[in-house]
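Please consult the sequence and the model while reading.

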Amino acid sequence: MRLIKLISLFRRTVRADKLYYSSKSRPLSVRRIYHSIFTKIENPVFIIGAPRSGTTILGKCIGEIKSISYHFEPVLTKFLSNEVYNSTISKGFANLLYAISYKLLLKIHLNGDLTFVEKTPRNCFMVSYLNELYPNAKFIHIIRDGRDARSEEHTSELQ
């Protein structure tokens, strides 16, 4: 994997996260700064489910909890999930990139003291890998009958 591509993916990840992140009004404290400098991902939560199953709305709701730092489909981890799934990247390198990516997402918002929560549909295929990488991780699997997810075009035809 080329360094230039990695740098681009990190930049896009940060840019997108700043757009989608639901900021919390929290006072700056020594504890908050300390945990943001020495960030640890100890008990992450991964929201998984098929596309259009309600994972986005669930993530937004969970993201409103004050002790949660919710991140919507980070660009780098979406890319990495493909690489890991297809075995085109070494496991050790992928582990390093996941850790750096997740820590970076907490650092840019000074949220190292909050619980990291991420929602990426591709993580459905990565549960065993993520569980091995983060043994204390929790997974919230949302299941919805696919027949309920109608397209807007189909819905307007019914009306």
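**Terms and the values behind them**

Q: What makes the pair Glu132 and Lys91 a salt bridge?
A: The closest N and O atoms of Glu132 and Lys91 are 2.3 Å apart. A salt bridge is a side-chain nitrogen of Lys or Arg within 4 Å of a carboxyl oxygen of Asp or Glu, so the pair qualifies. Glu132 lies in helix H6 and Lys91 in helix H5, so the contact ties together parts that are 41 residues apart in sequence. Helices (H or I, at least four residues) and strands (E, at least two) are DSSP runs, numbered from the N terminus. The model is predicted: local features need pLDDT of at least 70 and side-chain atom pairs pLDDT 80 or more, whereas totals for chains, interfaces and linings use all residues. Residues are numbered from 1 along each chain as its sequence is written, and side-chain values use heavy atoms, with hydrogens and water left out.

Q: Why is Lys91 called partly exposed?
A: Its relative accessible area is 41%. Buried means under 20%, exposed over 50%, and partly exposed in between (1.4 Å probe, protein chains only); Lys91 is therefore partly exposed.

Q: Which salt bridges does Glu73 form, with Lys78 and with Lys119, and how do you know that they count?
A: The closest N and O atoms are 3.3 Å apart for Glu73 and Lys78, and the N to O value is 2.5 Å for Glu73 and Lys119. The second pair links distant parts of the chain, with Glu73 in the loop between E2 and H4 and Lys119 in strand E3, 46 residues apart. Both pairs meet the salt-bridge rule, because the nitrogen and oxygen lie within its limit. By this rule the count comes to five salt bridges.

Q: How do the accessibilities of Glu73 and Lys78 place them: buried or partly exposed?
A: Glu73, at 17% relative accessibility, counts as buried, whereas Lys78, at 26%, is partly exposed. Lys119 is buried, as is Glu73.

Q: Why is Ser81 classed as it is, and what does Ser81 touch?
A: Ser81, in helix H4, has a relative accessible area of 1% and is therefore buried. Leaving out residues up to four places away in sequence, Ser81 touches Tyr98, Arg122 and Met126; contact means heavy atoms within 4.5 Å.

Q: What makes the largest nonpolar core a core?
A: A nonpolar core is a set of buried Ala, Val, Leu, Ile, Met, Phe, Trp, Tyr and Cys residues joined through side-chain atoms within 4.5 Å. The largest one has 23 residues, of which Leu80, Val84, Tyr98, Tyr102, Tyr129 and Leu130 touch the most other members. Helices H1 (3–20), H4 (75–85), H5 (91–108) and H6 (127–133) each give two or more residues. The largest share, six residues, comes from H5. A second, separate core of six residues includes Val45, Ile62, Tyr70 and Val117.

Q: How do you know that strand E1 pairs with E3 and with E4?
A: Two strands pair if DSSP finds at least two bridges between them. Three bridges join E1 to E3 (residues 115–119), and four join E1 to E4 (residues 138–141), so both meet the rule. The strands run parallel in each case. Ile47 has Lys119 as its bridge partner in E3, and Ile48 stands opposite His141 in E4.
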